[in-house]
Amino acid sequence: MGLLGAEPPGPNGGRLPGFLGRQNKYVRMDDGVVPPPEEHEGGEAVRAGRSRSSTRYVFACSVFASLNSVLLGYDVGVMSGCILFIQRDLHITEVQQEVLVGCLSFVSLLGSLAGGRTSDAVGRKRTIGLAAVVFQAGAVVMTLAPSFRVLMAGRLLAGVGIGFGVMIAPVYIAEISPAVSRGSFTSFPEIFINLGILLGYISNYVFSGLPDHVNWRVMLAVGIVPSVSIVFALLVIPESPRWLVVQGRAAEARAVLLRVTDSEEEADERLAEIEAAAAGAASSGETVWRELSRPSPTIRRMLVTGLGIQCFQQITGIDALVYYSPTIFRDAGVTTESQLLLATVAVGFFKTAFIALAIVLIDRVGRKPLLYVSTVGMTVCLVLLAATLWLLAHGAVPKALGVAIAVVAVCGDVAFFSVGIGPVCWVTSSEIFPLRLRSQAAALGAAVNRVTSGAVAMSFLSVSRALSVAGAFTVFAAISALSVVFVHMFVPETKGKTLEEIELLFGDGDAEGERRGEVELGDAEHLVRKG
(Lines give C-alpha, C1' and ligand atoms only; values in the text may rest on other atoms or scores of the structure.)
Protein backbone atom coordinates (compact mmCIF):
# COMPACT_ATOMS: atom_id res chain seq x y z
CA MET A 1 0.00 0.00 0.00
CA GLY A 2 1.73 3.15 -1.15
CA LEU A 3 1.13 6.86 -0.90
CA LEU A 4 -2.02 7.93 -2.65
CA GLY A 5 -0.35 10.55 -4.78
CA ALA A 6 2.65 8.40 -5.77
CA GLU A 7 0.92 6.36 -8.46
CA PRO A 8 -0.45 7.56 -11.79
CA PRO A 9 -4.14 8.38 -11.76
CA GLY A 10 -6.50 5.90 -13.32
CA PRO A 11 -9.61 6.68 -15.33
CA ASN A 12 -11.80 9.35 -13.91
CA GLY A 13 -8.74 11.12 -12.58
CA GLY A 14 -7.94 8.39 -10.07
CA ARG A 15 -11.28 8.82 -8.34
CA LEU A 16 -13.92 6.16 -7.85
CA PRO A 17 -17.09 6.53 -9.93
CA GLY A 18 -19.54 8.56 -7.95
CA PHE A 19 -23.28 8.20 -7.46
CA LEU A 20 -25.11 8.91 -10.77
CA GLY A 21 -21.77 9.51 -12.51
CA ARG A 22 -20.57 12.32 -10.23
CA GLN A 23 -16.93 12.59 -9.23
CA ASN A 24 -16.35 10.81 -5.90
CA LYS A 25 -14.13 12.49 -3.32
CA TYR A 26 -12.78 9.14 -2.07
CA VAL A 27 -10.18 6.76 -3.45
CA ARG A 28 -9.31 3.25 -2.37
CA MET A 29 -6.16 3.06 -0.29
CA ASP A 30 -5.23 -0.22 -1.95
CA ASP A 31 -6.01 0.92 -5.51
CA GLY A 32 -3.51 2.66 -7.74
CA VAL A 33 -4.54 2.05 -11.36
CA VAL A 34 -8.00 0.69 -12.06
CA PRO A 35 -7.54 -2.85 -13.43
CA PRO A 36 -8.77 -3.87 -16.86
CA PRO A 37 -12.44 -4.91 -16.88
CA GLU A 38 -11.79 -8.62 -17.45
CA GLU A 39 -9.13 -8.74 -14.70
CA HIS A 40 -11.40 -6.81 -12.38
CA GLU A 41 -14.35 -9.13 -13.03
CA GLY A 42 -12.25 -12.25 -12.47
CA GLY A 43 -10.87 -10.86 -9.23
CA GLU A 44 -14.35 -9.97 -8.05
CA ALA A 45 -15.53 -13.53 -8.72
CA VAL A 46 -12.66 -14.98 -6.71
CA ARG A 47 -13.28 -12.49 -3.92
CA ALA A 48 -17.01 -13.28 -3.86
CA GLY A 49 -16.29 -17.00 -3.58
CA ARG A 50 -13.81 -16.45 -0.79
CA SER A 51 -16.25 -14.12 0.96
CA ARG A 52 -18.93 -16.82 1.01
CA SER A 53 -16.42 -19.35 2.35
CA SER A 54 -15.15 -17.07 5.13
CA THR A 55 -18.69 -16.11 6.11
CA ARG A 56 -19.67 -19.77 6.44
CA TYR A 57 -16.59 -20.42 8.55
CA VAL A 58 -17.27 -17.49 10.92
CA PHE A 59 -20.91 -18.59 11.09
CA ALA A 60 -19.88 -22.10 12.17
CA CYS A 61 -17.42 -20.76 14.76
CA SER A 62 -20.09 -18.43 16.16
CA VAL A 63 -22.57 -21.27 16.49
CA PHE A 64 -20.10 -23.54 18.28
CA ALA A 65 -18.90 -20.75 20.58
CA SER A 66 -22.53 -19.99 21.52
CA LEU A 67 -23.41 -23.49 22.69
CA ASN A 68 -22.66 -22.58 26.31
CA SER A 69 -25.41 -19.97 26.07
CA VAL A 70 -27.94 -22.77 25.60
CA LEU A 71 -26.98 -23.91 29.11
CA LEU A 72 -27.89 -20.57 30.67
CA GLY A 73 -31.14 -20.33 28.73
CA TYR A 74 -32.15 -23.91 29.50
CA ASP A 75 -31.44 -23.48 33.20
CA VAL A 76 -33.47 -20.26 33.35
CA GLY A 77 -36.39 -21.75 31.42
CA VAL A 78 -36.50 -25.16 33.05
CA MET A 79 -36.30 -23.77 36.59
CA SER A 80 -39.56 -21.84 36.10
CA GLY A 81 -41.38 -25.18 35.94
CA CYS A 82 -39.02 -27.25 38.09
CA ILE A 83 -39.63 -25.00 41.05
CA LEU A 84 -43.29 -26.09 41.15
CA PHE A 85 -42.28 -29.75 41.52
CA ILE A 86 -39.20 -29.17 43.72
CA GLN A 87 -41.44 -27.32 46.17
CA ARG A 88 -43.71 -30.36 46.48
CA ASP A 89 -40.91 -32.94 46.51
CA LEU A 90 -38.39 -31.27 48.86
CA HIS A 91 -40.97 -29.14 50.74
CA ILE A 92 -39.05 -25.87 50.39
CA THR A 93 -40.32 -22.47 51.57
CA GLU A 94 -41.02 -19.38 49.45
CA VAL A 95 -37.75 -17.80 50.60
CA GLN A 96 -35.86 -20.96 49.59
CA GLN A 97 -37.56 -20.78 46.19
CA GLU A 98 -36.29 -17.21 45.71
CA VAL A 99 -32.78 -18.18 46.81
CA LEU A 100 -32.72 -21.24 44.55
CA VAL A 101 -33.88 -19.25 41.52
CA GLY A 102 -31.90 -16.07 42.10
CA CYS A 103 -28.59 -17.45 43.38
CA LEU A 104 -27.60 -18.60 39.88
CA SER A 105 -27.20 -15.00 38.72
CA PHE A 106 -25.17 -13.92 41.74
CA VAL A 107 -22.85 -16.92 41.55
CA SER A 108 -22.45 -16.62 37.77
CA LEU A 109 -20.95 -13.16 38.29
CA LEU A 110 -18.01 -14.89 40.00
CA GLY A 111 -17.55 -16.99 36.88
CA SER A 112 -17.84 -13.89 34.70
CA LEU A 113 -15.20 -11.99 36.65
CA ALA A 114 -12.87 -14.99 36.76
CA GLY A 115 -13.54 -15.61 33.08
CA GLY A 116 -11.98 -12.31 32.02
CA ARG A 117 -8.64 -13.10 33.68
CA THR A 118 -8.80 -16.76 32.65
CA SER A 119 -9.44 -15.97 28.99
CA ASP A 120 -6.47 -13.58 28.97
CA ALA A 121 -4.25 -16.25 30.54
CA VAL A 122 -5.22 -19.48 28.76
CA GLY A 123 -7.13 -18.17 25.72
CA ARG A 124 -10.73 -17.66 24.65
CA LYS A 125 -11.09 -21.19 23.27
CA ARG A 126 -10.01 -23.03 26.42
CA THR A 127 -12.22 -20.80 28.56
CA ILE A 128 -15.22 -21.93 26.48
CA GLY A 129 -14.30 -25.54 27.27
CA LEU A 130 -13.82 -24.80 30.98
CA ALA A 131 -17.29 -23.26 31.16
CA ALA A 132 -18.87 -26.44 29.79
CA VAL A 133 -16.99 -28.73 32.20
CA VAL A 134 -17.93 -26.71 35.29
CA PHE A 135 -21.59 -26.45 34.29
CA GLN A 136 -21.79 -30.16 33.54
CA ALA A 137 -20.50 -31.01 37.02
CA GLY A 138 -23.12 -28.74 38.59
CA ALA A 139 -25.93 -30.19 36.49
CA VAL A 140 -25.04 -33.73 37.58
CA VAL A 141 -25.08 -32.71 41.26
CA MET A 142 -28.48 -31.00 40.87
CA THR A 143 -29.96 -34.01 39.09
CA LEU A 144 -28.95 -36.40 41.88
CA ALA A 145 -29.60 -34.01 44.80
CA PRO A 146 -31.39 -35.73 47.73
CA SER A 147 -31.94 -32.47 49.65
CA PHE A 148 -32.21 -28.70 49.26
CA ARG A 149 -28.62 -28.19 50.46
CA VAL A 150 -27.14 -30.51 47.84
CA LEU A 151 -29.40 -28.97 45.20
CA MET A 152 -28.04 -25.54 46.14
CA ALA A 153 -24.44 -26.81 45.92
CA GLY A 154 -25.04 -28.04 42.37
CA ARG A 155 -26.81 -24.81 41.46
CA LEU A 156 -23.85 -22.75 42.70
CA LEU A 157 -21.39 -24.85 40.70
CA ALA A 158 -23.52 -24.59 37.57
CA GLY A 159 -23.73 -20.84 38.08
CA VAL A 160 -19.95 -20.47 37.96
CA GLY A 161 -19.85 -22.40 34.67
CA ILE A 162 -22.62 -20.24 33.22
CA GLY A 163 -20.72 -17.11 34.26
CA PHE A 164 -17.69 -18.24 32.28
CA GLY A 165 -19.83 -19.03 29.23
CA VAL A 166 -21.87 -15.81 29.26
CA MET A 167 -18.74 -13.67 29.41
CA ILE A 168 -16.52 -15.38 26.86
CA ALA A 169 -18.85 -16.15 23.92
CA PRO A 170 -19.56 -12.52 22.81
CA VAL A 171 -15.89 -11.56 23.22
CA TYR A 172 -14.66 -14.50 21.16
CA ILE A 173 -17.20 -13.96 18.37
CA ALA A 174 -16.54 -10.20 18.22
CA GLU A 175 -12.81 -10.87 17.84
CA ILE A 176 -13.12 -13.26 14.89
CA SER A 177 -15.97 -11.56 13.02
CA PRO A 178 -15.61 -8.97 10.23
CA ALA A 179 -17.05 -5.54 11.01
CA VAL A 180 -19.82 -5.76 8.39
CA SER A 181 -21.41 -8.80 10.05
CA ARG A 182 -20.09 -8.63 13.61
CA GLY A 183 -23.44 -7.50 15.03
CA SER A 184 -25.30 -10.50 13.62
CA PHE A 185 -22.69 -13.03 14.70
CA THR A 186 -22.22 -11.52 18.16
CA SER A 187 -25.99 -11.83 18.64
CA PHE A 188 -25.75 -15.62 18.38
CA PRO A 189 -25.25 -16.15 22.15
CA GLU A 190 -28.50 -14.32 22.79
CA ILE A 191 -30.46 -16.42 20.31
CA PHE A 192 -28.98 -19.55 21.88
CA ILE A 193 -30.01 -18.32 25.34
CA ASN A 194 -33.54 -17.89 24.02
CA LEU A 195 -33.44 -21.30 22.35
CA GLY A 196 -32.35 -22.77 25.68
CA ILE A 197 -35.22 -21.02 27.47
CA LEU A 198 -37.71 -22.40 24.94
CA LEU A 199 -36.26 -25.92 25.31
CA GLY A 200 -36.51 -25.55 29.09
CA TYR A 201 -40.19 -24.60 28.84
CA ILE A 202 -40.86 -27.51 26.49
CA SER A 203 -39.04 -29.86 28.88
CA ASN A 204 -41.30 -28.63 31.70
CA TYR A 205 -44.39 -29.41 29.65
CA VAL A 206 -43.19 -32.80 28.34
CA PHE A 207 -41.96 -34.23 31.65
CA SER A 208 -44.53 -32.66 33.98
CA GLY A 209 -46.60 -35.86 33.90
CA LEU A 210 -43.90 -37.90 35.64
CA PRO A 211 -43.97 -38.39 39.44
CA ASP A 212 -42.92 -35.33 41.43
CA HIS A 213 -39.73 -36.94 42.76
CA VAL A 214 -38.61 -37.82 39.20
CA ASN A 215 -39.87 -35.16 36.77
CA TRP A 216 -37.73 -32.20 37.91
CA ARG A 217 -34.61 -34.41 37.99
CA VAL A 218 -35.19 -35.49 34.38
CA MET A 219 -35.76 -31.87 33.38
CA LEU A 220 -32.42 -30.82 34.90
CA ALA A 221 -30.55 -33.84 33.49
CA VAL A 222 -31.51 -32.94 29.92
CA GLY A 223 -29.47 -29.74 30.32
CA ILE A 224 -26.25 -31.77 30.35
CA VAL A 225 -26.58 -32.64 26.65
CA PRO A 226 -25.50 -29.26 25.13
CA SER A 227 -22.34 -29.14 27.26
CA VAL A 228 -21.24 -32.54 25.91
CA SER A 229 -21.44 -31.23 22.33
CA ILE A 230 -18.93 -28.49 23.17
CA VAL A 231 -16.17 -31.11 23.19
CA PHE A 232 -16.67 -31.44 19.43
CA ALA A 233 -16.88 -27.65 19.03
CA LEU A 234 -13.42 -27.19 20.56
CA LEU A 235 -11.96 -29.42 17.83
CA VAL A 236 -13.40 -27.11 15.14
CA ILE A 237 -13.08 -23.51 16.25
CA PRO A 238 -9.74 -21.60 16.14
CA GLU A 239 -8.28 -19.42 18.86
CA SER A 240 -9.04 -15.69 18.74
CA PRO A 241 -6.51 -13.90 16.47
CA ARG A 242 -6.43 -10.94 18.85
CA TRP A 243 -5.45 -13.16 21.79
CA LEU A 244 -2.80 -14.84 19.63
CA VAL A 245 -1.27 -11.48 18.76
CA VAL A 246 -1.11 -10.48 22.43
CA GLN A 247 0.73 -13.77 23.10
CA GLY A 248 3.28 -12.96 20.38
CA ARG A 249 1.94 -15.60 17.98
CA ALA A 250 1.33 -13.33 14.98
CA ALA A 251 1.87 -16.09 12.40
CA GLU A 252 -0.94 -18.18 13.92
CA ALA A 253 -3.13 -15.10 14.14
CA ARG A 254 -2.59 -14.39 10.45
CA ALA A 255 -3.53 -18.00 9.60
CA VAL A 256 -6.83 -17.53 11.45
CA LEU A 257 -7.48 -14.15 9.81
CA LEU A 258 -6.94 -15.68 6.37
CA ARG A 259 -9.87 -18.01 7.11
CA VAL A 260 -12.23 -15.31 8.39
CA THR A 261 -11.53 -12.53 5.87
CA ASP A 262 -12.26 -12.09 2.16
CA SER A 263 -8.70 -11.56 0.93
CA GLU A 264 -5.07 -11.78 1.95
CA GLU A 265 -4.83 -7.98 1.84
CA GLU A 266 -7.72 -7.62 4.29
CA ALA A 267 -6.17 -10.23 6.59
CA ASP A 268 -2.87 -8.34 6.62
CA GLU A 269 -4.64 -5.05 7.24
CA ARG A 270 -6.62 -6.45 10.19
CA LEU A 271 -3.45 -8.03 11.56
CA ALA A 272 -1.67 -4.67 11.40
CA GLU A 273 -4.56 -2.99 13.25
CA ILE A 274 -4.53 -5.66 15.96
CA GLU A 275 -0.75 -5.49 16.34
CA ALA A 276 -0.94 -1.70 16.67
CA ALA A 277 -3.63 -2.02 19.36
CA ALA A 278 -1.64 -4.71 21.16
CA ALA A 279 1.51 -2.59 21.02
CA GLY A 280 -0.38 0.31 22.55
CA ALA A 281 -1.60 -1.96 25.34
CA ALA A 282 1.91 -3.29 25.99
CA SER A 283 3.35 0.22 26.20
CA SER A 284 0.80 1.27 28.82
CA GLY A 285 2.21 1.15 32.32
CA GLU A 286 -1.19 0.64 33.98
CA THR A 287 -2.67 -2.73 34.82
CA VAL A 288 -6.10 -3.50 33.40
CA TRP A 289 -8.03 -3.29 36.65
CA ARG A 290 -6.21 -0.12 37.70
CA GLU A 291 -7.22 1.50 34.41
CA LEU A 292 -10.81 0.35 34.85
CA SER A 293 -10.98 1.55 38.47
CA ARG A 294 -9.37 4.94 37.66
CA PRO A 295 -10.51 5.43 34.07
CA SER A 296 -9.63 8.22 31.69
CA PRO A 297 -12.57 10.27 30.33
CA THR A 298 -12.66 8.07 27.21
CA ILE A 299 -12.69 4.81 29.17
CA ARG A 300 -15.24 6.27 31.59
CA ARG A 301 -17.62 6.93 28.70
CA MET A 302 -17.12 3.36 27.51
CA LEU A 303 -17.85 2.01 31.00
CA VAL A 304 -21.01 4.09 31.35
CA THR A 305 -22.27 2.72 28.04
CA GLY A 306 -21.15 -0.89 28.52
CA LEU A 307 -22.16 -1.33 32.16
CA GLY A 308 -25.28 0.80 31.85
CA ILE A 309 -26.77 -1.19 29.00
CA GLN A 310 -26.02 -4.44 30.85
CA CYS A 311 -27.84 -3.12 33.91
CA PHE A 312 -30.90 -1.90 31.99
CA GLN A 313 -31.16 -5.20 30.12
CA GLN A 314 -31.99 -6.98 33.38
CA ILE A 315 -33.42 -4.35 35.70
CA THR A 316 -36.42 -3.88 33.40
CA GLY A 317 -37.70 -7.23 34.68
CA ILE A 318 -37.10 -9.71 31.88
CA ASP A 319 -35.96 -12.46 34.27
CA ALA A 320 -39.05 -11.93 36.43
CA LEU A 321 -41.15 -12.72 33.36
CA VAL A 322 -39.01 -15.71 32.41
CA TYR A 323 -38.54 -17.29 35.85
CA TYR A 324 -41.98 -16.54 37.23
CA SER A 325 -44.22 -16.56 34.17
CA PRO A 326 -46.33 -19.43 35.62
CA THR A 327 -46.81 -17.34 38.80
CA ILE A 328 -47.75 -14.27 36.75
CA PHE A 329 -50.25 -16.19 34.64
CA ARG A 330 -51.73 -17.78 37.76
CA ASP A 331 -52.20 -14.30 39.23
CA ALA A 332 -53.93 -13.30 35.97
CA GLY A 333 -56.39 -16.17 36.33
CA VAL A 334 -54.90 -19.20 34.53
CA THR A 335 -55.71 -22.14 36.82
CA THR A 336 -54.57 -25.56 35.57
CA GLU A 337 -50.92 -26.58 35.64
CA SER A 338 -50.90 -27.69 32.00
CA GLN A 339 -52.36 -24.34 30.88
CA LEU A 340 -49.73 -22.48 32.91
CA LEU A 341 -46.87 -24.44 31.33
CA LEU A 342 -48.38 -24.15 27.83
CA ALA A 343 -48.71 -20.37 28.18
CA THR A 344 -45.07 -20.32 29.29
CA VAL A 345 -44.05 -22.22 26.14
CA ALA A 346 -45.75 -19.47 24.11
CA VAL A 347 -43.55 -16.90 25.90
CA GLY A 348 -40.45 -18.90 25.01
CA PHE A 349 -41.53 -19.17 21.38
CA PHE A 350 -41.98 -15.40 20.98
CA LYS A 351 -38.69 -14.72 22.75
CA THR A 352 -36.82 -17.04 20.37
CA ALA A 353 -38.59 -16.00 17.16
CA PHE A 354 -37.89 -12.30 17.61
CA ILE A 355 -34.21 -12.76 18.43
CA ALA A 356 -33.90 -14.35 14.99
CA LEU A 357 -35.41 -11.17 13.51
CA ALA A 358 -32.88 -9.09 15.43
CA ILE A 359 -29.98 -11.05 13.95
CA VAL A 360 -31.25 -10.25 10.45
CA LEU A 361 -31.67 -6.53 11.21
CA ILE A 362 -28.78 -5.62 13.51
CA ASP A 363 -26.18 -5.10 10.75
CA ARG A 364 -28.71 -3.60 8.34
CA VAL A 365 -30.55 -0.98 10.37
CA GLY A 366 -27.96 -0.63 13.14
CA ARG A 367 -27.81 -1.10 16.90
CA LYS A 368 -29.41 2.14 18.07
CA PRO A 369 -32.68 1.99 16.05
CA LEU A 370 -33.28 -1.53 17.39
CA LEU A 371 -32.64 -0.28 20.93
CA TYR A 372 -35.20 2.51 20.48
CA VAL A 373 -37.86 0.10 19.19
CA SER A 374 -37.06 -2.38 21.94
CA THR A 375 -37.08 -0.06 24.95
CA VAL A 376 -40.17 1.88 23.87
CA GLY A 377 -42.05 -1.33 23.04
CA MET A 378 -41.13 -2.94 26.36
CA THR A 379 -42.30 0.14 28.26
CA VAL A 380 -45.70 0.04 26.54
CA CYS A 381 -46.13 -3.71 27.18
CA LEU A 382 -45.12 -3.42 30.86
CA VAL A 383 -47.61 -0.57 31.39
CA LEU A 384 -50.31 -2.67 29.70
CA LEU A 385 -49.48 -5.73 31.83
CA ALA A 386 -49.47 -3.75 35.09
CA ALA A 387 -52.79 -2.07 34.24
CA THR A 388 -54.41 -5.38 33.24
CA LEU A 389 -53.30 -7.17 36.41
CA TRP A 390 -54.61 -4.26 38.53
CA LEU A 391 -57.97 -4.29 36.74
CA LEU A 392 -58.25 -8.07 37.12
CA ALA A 393 -57.49 -7.83 40.84
CA HIS A 394 -60.32 -5.31 41.23
CA GLY A 395 -62.77 -7.18 38.99
CA ALA A 396 -62.92 -4.31 36.51
CA VAL A 397 -62.53 -6.48 33.38
CA PRO A 398 -63.90 -9.92 32.42
CA LYS A 399 -61.51 -12.69 33.44
CA ALA A 400 -61.16 -14.21 29.96
CA LEU A 401 -60.35 -10.82 28.39
CA GLY A 402 -57.90 -9.95 31.16
CA VAL A 403 -56.05 -13.25 30.83
CA ALA A 404 -55.78 -12.81 27.05
CA ILE A 405 -54.42 -9.26 27.39
CA ALA A 406 -51.94 -10.35 30.08
CA VAL A 407 -50.60 -13.18 27.90
CA VAL A 408 -50.29 -10.82 24.90
CA ALA A 409 -48.52 -8.19 27.05
CA VAL A 410 -46.01 -10.74 28.40
CA CYS A 411 -45.35 -12.16 24.92
CA GLY A 412 -45.02 -8.62 23.54
CA ASP A 413 -42.53 -7.63 26.23
CA VAL A 414 -40.25 -10.61 25.60
CA ALA A 415 -40.56 -10.05 21.83
CA PHE A 416 -39.47 -6.40 22.09
CA PHE A 417 -36.69 -7.45 24.46
CA SER A 418 -35.42 -10.03 21.99
CA VAL A 419 -35.51 -7.74 18.97
CA GLY A 420 -33.36 -5.09 20.63
CA ILE A 421 -31.79 -4.77 24.06
CA GLY A 422 -31.45 -8.54 24.51
CA PRO A 423 -28.86 -9.12 21.76
CA VAL A 424 -27.63 -5.53 21.28
CA CYS A 425 -26.55 -5.37 24.92
CA TRP A 426 -24.01 -8.17 24.40
CA VAL A 427 -22.93 -6.89 21.00
CA THR A 428 -22.25 -3.40 22.33
CA SER A 429 -20.43 -4.45 25.50
CA SER A 430 -18.14 -6.78 23.54
CA GLU A 431 -17.13 -4.29 20.84
CA ILE A 432 -16.72 -0.85 22.47
CA PHE A 433 -13.68 -1.52 24.67
CA PRO A 434 -10.06 -1.43 23.45
CA LEU A 435 -8.15 -4.70 23.08
CA ARG A 436 -6.13 -4.29 26.28
CA LEU A 437 -9.35 -3.98 28.35
CA ARG A 438 -11.85 -5.96 26.30
CA SER A 439 -12.03 -9.30 28.10
CA GLN A 440 -11.88 -7.81 31.62
CA ALA A 441 -14.36 -5.04 30.81
CA ALA A 442 -16.71 -7.54 29.17
CA ALA A 443 -16.39 -9.70 32.29
CA LEU A 444 -17.27 -6.69 34.45
CA GLY A 445 -20.30 -6.01 32.24
CA ALA A 446 -21.43 -9.63 32.49
CA ALA A 447 -21.03 -9.41 36.27
CA VAL A 448 -23.27 -6.32 36.39
CA ASN A 449 -25.79 -8.17 34.22
CA ARG A 450 -25.80 -11.17 36.57
CA VAL A 451 -26.06 -9.04 39.74
CA THR A 452 -29.10 -7.15 38.46
CA SER A 453 -30.63 -10.39 37.17
CA GLY A 454 -30.15 -12.03 40.57
CA ALA A 455 -31.54 -9.01 42.39
CA VAL A 456 -34.71 -9.14 40.27
CA ALA A 457 -35.10 -12.92 40.54
CA MET A 458 -34.51 -13.08 44.31
CA SER A 459 -36.78 -10.15 45.18
CA PHE A 460 -39.71 -10.52 42.77
CA LEU A 461 -41.93 -12.69 44.99
CA SER A 462 -41.28 -10.52 48.03
CA VAL A 463 -41.86 -7.28 46.11
CA SER A 464 -45.03 -8.71 44.55
CA ARG A 465 -46.32 -9.64 47.99
CA ALA A 466 -45.58 -6.11 49.25
CA LEU A 467 -46.80 -4.12 46.23
CA SER A 468 -48.87 -6.74 44.34
CA VAL A 469 -47.77 -8.22 41.02
CA ALA A 470 -49.29 -5.21 39.23
CA GLY A 471 -47.26 -2.87 41.43
CA ALA A 472 -44.03 -4.75 40.69
CA PHE A 473 -44.56 -4.39 36.95
CA THR A 474 -45.40 -0.70 37.36
CA VAL A 475 -41.89 -0.28 38.80
CA PHE A 476 -40.42 -2.24 35.87
CA ALA A 477 -42.31 -0.01 33.42
CA ALA A 478 -40.87 3.14 35.00
CA ILE A 479 -37.33 1.74 34.80
CA SER A 480 -37.92 0.72 31.18
CA ALA A 481 -38.91 4.31 30.38
CA LEU A 482 -35.57 5.45 31.84
CA SER A 483 -33.77 3.00 29.56
CA VAL A 484 -35.10 4.91 26.52
CA VAL A 485 -33.41 8.05 27.83
CA PHE A 486 -30.17 6.14 28.51
CA VAL A 487 -30.05 4.78 24.96
CA HIS A 488 -30.57 8.25 23.52
CA MET A 489 -27.84 9.87 25.63
CA PHE A 490 -25.11 7.27 26.00
CA VAL A 491 -25.21 4.59 23.30
CA PRO A 492 -23.44 5.39 19.98
CA GLU A 493 -24.06 3.65 16.67
CA THR A 494 -21.26 1.14 15.91
CA LYS A 495 -22.63 -0.57 12.80
CA GLY A 496 -20.01 -1.35 10.15
CA LYS A 497 -16.95 -0.18 12.09
CA THR A 498 -13.92 -2.23 13.05
CA LEU A 499 -13.25 -2.81 16.74
CA GLU A 500 -10.29 -0.47 16.51
CA GLU A 501 -12.40 2.29 14.88
CA ILE A 502 -15.10 2.04 17.54
CA GLU A 503 -12.60 3.19 20.16
CA LEU A 504 -12.45 6.56 18.37
CA LEU A 505 -16.19 7.14 18.90
CA PHE A 506 -15.54 7.62 22.62
CA GLY A 507 -12.48 9.86 22.15
CA ASP A 508 -12.22 13.49 23.20
CA GLY A 509 -13.27 16.29 20.90
CA ASP A 510 -16.63 16.40 19.16
CA ALA A 511 -15.28 18.15 16.08
CA GLU A 512 -12.53 15.61 15.69
CA GLY A 513 -15.06 12.79 16.15
CA GLU A 514 -17.26 14.21 13.42
CA ARG A 515 -14.28 14.52 11.09
CA ARG A 516 -13.30 10.91 11.73
CA GLY A 517 -16.88 9.71 11.31
CA GLU A 518 -17.05 11.23 7.80
CA VAL A 519 -14.13 9.23 6.47
CA GLU A 520 -14.32 5.93 8.38
CA LEU A 521 -16.68 3.86 6.27
CA GLY A 522 -15.85 0.47 7.83
CA ASP A 523 -14.18 -2.72 6.72
CA ALA A 524 -16.25 -3.23 3.60
CA GLU A 525 -14.80 -0.18 1.84
CA HIS A 526 -11.25 0.92 2.67
CA LEU A 527 -11.75 4.53 1.62
CA VAL A 528 -10.01 7.71 2.71
CA ARG A 529 -10.48 11.33 1.71
CA LYS A 530 -8.21 12.30 -1.15
CA GLY A 531 -5.86 15.17 -0.51
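Me: Is Phe188 buried or exposed?
Reply: This is a predicted model, in which local features need pLDDT of at least 70, side-chain atom pairs count only at pLDDT 80 or more, and totals for chains, interfaces and linings use all residues. Residues are numbered from 1 along each chain as its sequence is written, and side-chain values use heavy atoms, with hydrogens and water left out. Buried means under 20% relative accessible area, exposed over 50% and partly exposed in between, with a 1.4 Å probe and protein chains only. Because the relative accessibility of Phe188 is 7%, Phe188 counts as buried.

Me: What kind of aromatic pair do Phe185 and Phe188 form?
Reply: Rings of Phe, Tyr and Trp (its six-membered ring) pair if their centres lie within 6.5 Å; planes under 30 degrees apart count as stacked, over 60 as edge-to-face and the rest as tilted. The structure holds 10 such pairs. For Phe185 and Phe188, the centres are 5.6 Å apart and the planes stand at 75°, so the pair is edge-to-face.

Me: Which helices hold Phe460 and Phe476?
Reply: These two residues form a stacked aromatic pair, 6.5 Å centre to centre with 10° between the planes. Helices (H or I, at least four residues) and strands (E, at least two) are DSSP runs, numbered from the N terminus. The pair links distant parts of the chain, 16 residues apart: Phe460 lies in helix α21 (residues 438-467) and Phe476 in helix α22 (residues 469-490).

Me: Which residues does Ala442 contact, leaving aside its neighbours within four places in sequence?
Reply: Ala442 is placed in helix α21 and is buried, its relative accessible area being 7%. Contact means heavy atoms within 4.5 Å. With those neighbours left aside, the contacts of Ala442 are Met167, Val171 and Ser429.

Me: How is α3 oriented relative to α5?
Reply: Helix α3 (residues 94-122) packs with helix α5 (residues 148-176) at an angle of about 40°, their axes being 6 Å apart. Axes are lines fitted to C-alpha atoms, for helices over the stretch in contact, and angles run from 0 to 180 degrees between N-to-C directions. Angles under 35 degrees count as roughly parallel, over 145 as roughly antiparallel, 65 to 115 as roughly perpendicular and the rest as oblique. Therefore α3 is, relative to α5, oblique.
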